[in-house]
Amino acid sequence: MSDAIKRGKEIAPAVKEIIDEKYLPEAGSVKVVGIAGDEIKLSKTKAGKVLPYTLWGEIALQIGGEELYKKVLKDVESYAAPGLDYFENVLGDKKLLIMFDELAQYASKLETYNRTSNQLAAFLMALNGYVRNRSGIAVVVTLAGSSDAFAKETEKLSKVLNDISKENLTQDDVLGVVGKATAGLKSVLMRDASAVTPVQANEISAVLAKRLFVSIDHENAKEVASAYMMTYEKNRGMLPQEATSINFKDRMVSHYPFHPTLIDFLNNKLAQAPNFQGTRGVLRTLAMTVRSIWKEQKDISLIHVSDIDMRNSTIVDEILGKTDSSELKTVLNADIGSVDTSSSIKGGLSNAQIEDAKNPHPDHVLMYENTWKVVFLNSLVGRAEGYTSNVFGVAEQDAIFQTATPLLLPSQVRVALEKIQESAFYLRYEHGKYFAHTEPTINSVLARIRETIESKRIVAKLRSVANDLIRESRVFSVIHNVSLPADVPDNYEKPVVAVIAIDTEKINVQDFYTYKANGQFRTRKNILSLLIPKTVQVDGLKIDDGKMVSLYHEFDKDKEGEKELARAQDLARQVLAINILAENSLQYGINPSKLQDADFRERQANRPQELKVAVASLYTKFCYWSVNGLVKKDIPNVSGDSGDTIIKVIEDRLVNDNELLLDNTDKFAASMLQSLSENYFFKKRSSVGIKDLLNDFLNVGQWPILADKNILSKILRDGVACGIWAVYKDWTDPNDTRPSEIYYQENPLPLSIDLLGSSEFKVTTVAFAKKNGWLDQDKPTDEKVKSVIKQIMQNSGAVTIKGIEEQIKNSLPKADREQVYANIKDLATSGGYAVYKGSVAQNSKPAEEDIYEGFSVPDHDLGENEVLISKKERSERGWLDVGSNELRLSGVDGDAVVEEVFTLLGRIGSLYSRGKATTDIKELDIYGLKLPGGGSLRITLDNAEAIDFKRLDEFFADLHSKLKVSKATSLDITIDNPDDKCELVQALKKIKS
């Protein structure tokens, strides 16, 4: 106002929509006097003497300076109201605007100081009388709107008046002084004054919109209001009744672009602060808010309480200063976020900002910061009265109403409010209200403790929880905190689950099944399963059509699992912080009795359980070696279940996949036993030691897993009882042809025999035992039959199948055709013999398709007129292809040639390594070598070069030291273009001669 009066017509273009230019004075033609009653002093000191300082003296000083002041010195240095001379000298016919503010407070000070408030009333009466008929002078006075205008300021005014008074004034005394001083003023002023309320509360938004915005889009206002009403209607249960009332849409349109709750908040709450200056403070706050929104170019539909920019230092100082809430700046920085948050808070983010970063709103709205800001702003007024004040704090429905938009839904605001109890330091929910407190909550202390907890302690806690959760069961042993193959021993006799540590980043599954400590090879791979967190990157083996192919990332880190791990880490941090506070509460300034609060006790009870659930939910993958090689299986998310459940899920999965054999109180099914016999026990052998069989269950990855090694004993006994297997004691005398102790269906196993405790017992199929005559004491063994066949062939060289059968019948009458034919095929398969279609005496070589030897024999059905011929006989008949320069050597039945060549093989690698042997070997076939366990071995090399023998040096040395020549051992060796300088060639020629 004063600026407009001073500049007059000079600013006419700028105010043309408010006032016509004809009403504006010429620039500088009007003198403006402004006096603030709360600031004007009551006395002054001159030459050591205290003199009155009066309101009328201040008027003279502002109008005419020291010169005019001295001219009316007698009047202005007296508390008595001046006479007409004063007005003539000071005011005269000048053009003046005289403005008085806070005049009631000045009157109260006068009354307290020297009981002269009546003189102020007399002065105003004289002033009114003088200017009444002078058009060039205007007087403007501001007064409070009610008789209890100072009730809200009693404490402040009491201090002012007590500084003046010689007596100690009580609050009642102060109110009495105010009442007396203002009563006279109002009586005088109301005689001639025109009372004006510049702006009504409900007009503020319209006035400010007019002043701040070029134009208002009323159609858009209706669209926005409709969108809000739709949101409110869908969420009416979370909002006050007003939000869905018939008239509220019109109210939004009329207040556009301000949300009505913002205007209500400013008028009904902030304006109640003594220093907020009512409507002026509201207008000032709205103007700063709009300026900030425009500057930041925020895309919002309506301006809410939550849009008051508390990161703007000017707005913060204005609001906190006018509400005497400067001590809440710490709350603002720590919980909501403000100017000093980045520099004063560890990490540079407030608690609300942290929550927004952890749980971002899909439309990038600051869900937590906006919601918590509303709680903070609603806590600035009425703090002294606390819960009982109607203006202090905010109920849940009102907080949602002040914050929610079509983008930030009421349900999301509620989530943000509920998070206050857990994550805010100073914001609280008590007595049905959300509000800010100057004292930190237990949350703040816990937060500080959480910040000090190192990562290694969190890892240790997570590991500890996993260890407690996943425990050994009846079937499985458990190894915890596994990161490397060396962490898993190789001496278990029951299935073992290796639990990969929750902090492990990456493992190679194949390494765990290949190696153990110190890089040694793992043997007991079949009983090992790996339980793996979903956050661990796993390199494994891909199975493609049953074939192993190269290593690849079988399953990468689970991206959702990363979030779950972060949640588990956060819970671990919380649990550790709760435990630390519970043990040392006094060190953190918390009374131990405070720890008995229901909220803390609930957290103390629930967080460890939530942590267990979080850790259990991470272990969703396990690997084991199945019949198809290494496989990975998923475990259903057992969430709140115990670690025992995880182990039970693994057990059930393996049983359902026929990978785990449990102890069965009933007899094992014959079909299952037959499957074991055909697919595992005797798939590639005819008999096996029981100790070796147990090792196969432990070591061979493709085999089923025994839940307990004693199950093998029951399996064997059930298999013998149902006629599938025979168990016998092995023999060492080479002259024996059958076991002296054998048990089968008709000769049951005694319970006194400890099958697993002795290394003497073996198991075979009943069919194999029958074939070898073990179950019929008069039937010859296969070894005996082969021996007779070899003798026949040595005598004749070529004999029909029927002829061999007849000759065997003469010496071994108990040998049947099936046994004879089987042994003929064994000899022709293993080497040294062949079967052909033709006559015994023919000299012409049979066609290729009519000769059967080696691996073509087993699938051929022998005919009684076909002929068995020895390799020696074939050679003499010229049926073997011998080059013009070829060295060929053969030995049969463990003869001297076999013995000498086998001895030579023991040092063949050395000959080649020292350069003494250089010749390539076209063919080397040695069969019937006796293994330490009684079995046999065949070795075939084709087109082997010198470099091959150098690299196989140790192989042939071990072969010679650990295997033996038997009567069944034969060999063939062929060298093209032998070099007579080669020591190997020389040695072979010597043996041949």
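Which residues is L531 in contact with, leaving aside its neighbours within four places in sequence?

1. **L531 and its contacts.** Please keep in mind that this is a predicted model. Leaving aside neighbours within four places in sequence, L531 is in contact with I470, V497, A498, V499 and I500, and also with Y619, K621, F622, I635, I646 and I650.

2. **The largest nonpolar core.** L531 belongs to the largest nonpolar core, a group of 96 residues. The members that touch the most others are L531, F681, L712, I715 and W725. Helix 24, residues 559-583, gives the most to this core, with 10 residues. Apart from it lies another core, of 72 residues, which includes F265, F276, I308 and V391. As background, nonpolar side chains tend to be buried together in soluble globular proteins.

3. **Helix 15.** Is this helix, residues 329-336, largely enclosed or largely open? It is largely enclosed by the rest of the structure, because six of its eight residues are buried. Those buried residues are V331, L332, N333, A334, D335 and I336. They pack against helix 14 (313-322), helix 16 (341-344), helix 17 and helix 18, as well as strand 6 (427-430) and strand 7 (433-436).

4. **H361 in its loop.** H361 sits in the loop between helix 17 (351-358) and helix 18 (367-377). Its relative accessibility is 4%, so H361 counts as buried, the cut-off being under 20%. A polar atom of the H361 side chain lies 2.9 Å from the backbone nitrogen of D363. Not counting residues up to four places away in sequence, H361 touches M367, L407, L408 and Q412.

5. **T645 and R471.** T645 is found in helix 26, residues 643-656. With 25% relative accessibility, T645 counts as partly exposed. How far apart are T645 and R471 in sequence and in space? They are 174 residues apart in sequence, and 9.8 Å apart in space from C-alpha to C-alpha.

6. **Cysteines.** A disulfide is a covalent bond between the sulfur atoms of two cysteines. How many disulfides does the structure hold? The number is zero. Two cysteines are still worth a look: C722 is partly exposed, with a relative accessible area of 32%, whereas C982 counts as buried, at 1% relative accessibility.

Technical notes:
Residues numbered from 1 in each chain as written. Predicted model: local features only at pLDDT ≥ 70, side-chain atom pairs only at ≥ 80, totals over all residues. Heavy atoms only, no water. Core = buried A, V, L, I, M, F, W, Y, C linked by side-chain atoms within 4.5 Å. Buried < 20%, exposed > 50% of the residue type's maximum accessible area, 1.4 Å probe, protein only. Helix = DSSP H or I, 4+ residues; strand = E, 2+ residues; numbered from the N terminus. Contact = heavy atoms within 4.5 Å. Disulfide = S-S within 2.5 Å. Polar contact = N/O pair within 3.5 Å; in protein donor to acceptor, adjacent residues only side chain to side chain.
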